[in-house]
Amino acid sequence: MSRTAQEWEERPAVPEGHFVDSRIYTDPLIFNEETQKIFNKTWKFACHVSEIPEIGDYRTFDHAGYPLIAIRSDDGEVRCFVNSCSHRSSVILDAPAGTAKNLTCPFHLWSYDTRGNCVHITRPEGYEEAGICKANRGLRQVRAETMLGLVFVNLDDSAGSLADYIGDGLETFSEILGTHELEVFHYHRVVMSANWKQWHETNMELYHEWGHVVNRTTSVAVKGYHDRMWKLYTNGHGTLEPLAVQYKNYPGWEDRAQKMLPGLTEGEFRVVDLFPNTTLIARSTALRIDTSTPIAPGKTLVEYRGLGIKGESPEDRAMRQKHHNQFWGPLGRNVSEDVLFVEKVERANRHRAAKHGIIARREGGRGQDDEVVRSFYREWKRQMRRDPEDITQLVDAPSISATGSN
Amino acid sequence: MQSSNERINELICRTCLHLDQENFDDYLKLFTEEMNYRVVTFSPELKKDMVWLDHDLSEMKHLFKMLPQHVKMPGKFFRQAAVYTIEKSKQKWNSTTSFLLIYTDLDGQSRVFAAGRYNDEIVEHDQKLLISKREVHLDTRDLAPGIHVPI
């Protein structure tokens with residue numbers, strides 16, 4: 001039966017933690033608060049080490065509104081700096097990637113070495129009276145740590161280590177990422193009309209796999225699909241037990257029985273969702289990493305990377321590329337549908353036609369259970385100190401909990 | 001009697017027309033049995049070329065067959081193509097065509113969805129000109145949300 005306006009707006013009759021207020025996706029104040037309380041303080045996946053293999057190689061990107069540079073310094077360490085000159089604040093590097101011995105600002109030609117030291121001030125004698133000199137004008141360094149080839153950055157100098165933050169969250173990917181040297185062969189980005197949390201939800205809740213014909217045929221229909229248990233970690237991360245996906249169930253596709261990535265068996269699917277907004281997915285022969293950058297409440301940049309084994313033969317790379325693209329390329333059969341799904345949700349949320357998002361599936365922590373989403377929101381609540389069921393309600397910081405109430 | 005250049009021009013325009021009209025059977029009839037269709041682009045982020053689609057005729061047929069079951073962008077695509085060069089080499093022609101792919105949504109708003117070039121290899125078979133290789137070289141790298149049909 002349809003519902004009246006009042007009924008539509010009523011709190012859903014579900015247990016606590018089983019729905020969210022749609023304003024968490026649309027309210028500009030919540031968006032700003034997320035930037036301050038989450039993105040300014042948590043570890044954010046920046047790039048893979050293979051993107052900056054040589055000294056002076058850099059990647060630029062934005063995080064929490066900051067333009068940043070990840071660079072391989074002359075001592076071989078990966079460092080991160082705010083991409084802003086210490087003089088008049090100009091962005092120093094425009095290109096998304098490159099190689100530089102020194103980072104020279106195009107505005108007044110101040111220059112910095114790969115460790116962020118200021119090494120050149122044009123006509124420095126003009127600053128002597130004011131006390132400005134190279135020694136006190138270095139770049140703003142941002143913490144950067146690497147785990148299994150993944151470079152993470154953190155704007156908070158006082159944050160705990162990356163290892164503490166990830167915990168065991170990458171245990172199911174350690175063999176995949178850590179056995180051979182990997183390299184990124186695919187990169188594309190999409191600016192979508194959706195909130196960043198919607199994208200991460202779609203990476204977590206597998207109930208939406210019913211919406212993809214490729215997932216229905218190759219995964220949902222497979223024996224054992226609904227029996228896999230989610231494993232939740234501290235800090236809002238989660239992973240799911242593997243599944244042997246039957247790729248040949250989709251017309252024209254082949255099995256993925258050869259050249260599997262290390263630790264993976266024929267057709268094997270694995271996923272790990274890292275709070276707040278990075279997901280790794282392995283599909284036997286192919287590996288995807290995606291991460292988002294919130295732009296506005298209803299605007300999100302998502303970057304997609306595909307990785308292969310460095311030095312593999314052209315034939316092996318072509319196969320891996322094909323398998324990657326089948327699901328995840330911009331002309332693939334899966335990822336673009338996810339974008340369409342979340343944009344449809346955003347359209348209804350935008351002016352609050354929709355009031356609540358339901359995350360109430362309970363399947364004993366298995367496959368399409370929403371517990372991983374609820375775990376995400378418990379972490380969101382802890383960091384935001386705000387109730388996702390009613391954003392007007394501030395809450396005391398809940399204790400860290402991985403398993404919650406499932 | 002059409003010149004070979006006029007016939008090639010018409011062939012390339014027909015590929016656009018058939019895709020615009022989602023007339024996929026006739027689209028594939030413009031290719032050889034041994035055809036190869038690739039979509040490539042250069043990534044300044046990785047400083048290397050990327051392949052985003054690489055299909056033979058059988059894979060293209062499967063792709064088209066499954067399209068009705070996918071959730072796709074609603075609306076229409078329209079290709080604006082201009083053949084820039086045609087060069088003959090032995091029994092083949094190579095052409096470069098600039099194109100814009102324009103998307104019109106359900107409300108009638110149009111926008112440029114992608115820009116790039118078709119690099120085609122064309123052969124004559126039973127007095128018909130057919131495309132044996134098409135490489136779609138994209139300048140556009142954000143194809144939000146993504147596209148299910150060939151470009």
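Author: This is a predicted model. In it, nine residues of domain 1 of chain A are in contact with 15 residues of domain 2 of chain A. Strand E2 (44-48) and strand E3 (57-63) of chain A each give two or more residues to the domain 1 side. By class, that side has three nonpolar, four polar and two charged residues.

Reader: What makes two residues count as in contact?

Author: Their C-beta atoms, placed from the backbone, must lie within 7 Å. The nine residues of domain 1 and the 15 residues of domain 2 in chain A are in contact, and therefore meet that cut-off.

Reader: Why is helix H6 of chain A described as largely enclosed by the rest of the structure?

Author: A residue is buried if 20 or more other C-beta atoms lie within 10 Å of its own. Nine of the nine residues of helix H6 (residues 196-204) of chain A are buried, so the helix is largely enclosed. Among the buried residues are A:Trp196, A:Lys197 and A:Glu201.

Reader: How do you know that strands E4 and E5 of chain B pair?

Author: Pairing requires at least two bridges found by DSSP. Strand E4 (residues 92-104) and strand E5 (residues 110-125) of chain B have 13 bridges in the antiparallel sense, and therefore count as paired. B:Leu101 stands opposite B:Ala114 in E5(B). In their hairpin, with five residues between the strands, B:Gly108 takes a positive phi near 90 degrees.

Methods: Residues are numbered from 1 along each chain as its sequence is written. Chains are lettered from A and ligands numbered from 1 in the order in which they are written. This is a predicted model: local features need pLDDT of at least 70, side-chain atom pairs count only at pLDDT 80 or more; totals for chains, interfaces and linings use all residues. Helices (H or I, at least four residues) and strands (E, at least two) are DSSP runs, numbered from the N terminus. Ala, Val, Leu, Ile, Met, Phe, Trp, Tyr, Cys and Pro count as nonpolar, Asp, Glu, Lys and Arg as charged, and the others, Gly among them, as polar. A residue is buried if 20 or more other C-beta atoms lie within 10 Å of its own, exposed if 12 or fewer, and partly exposed in between; C-beta atoms are placed from the backbone.
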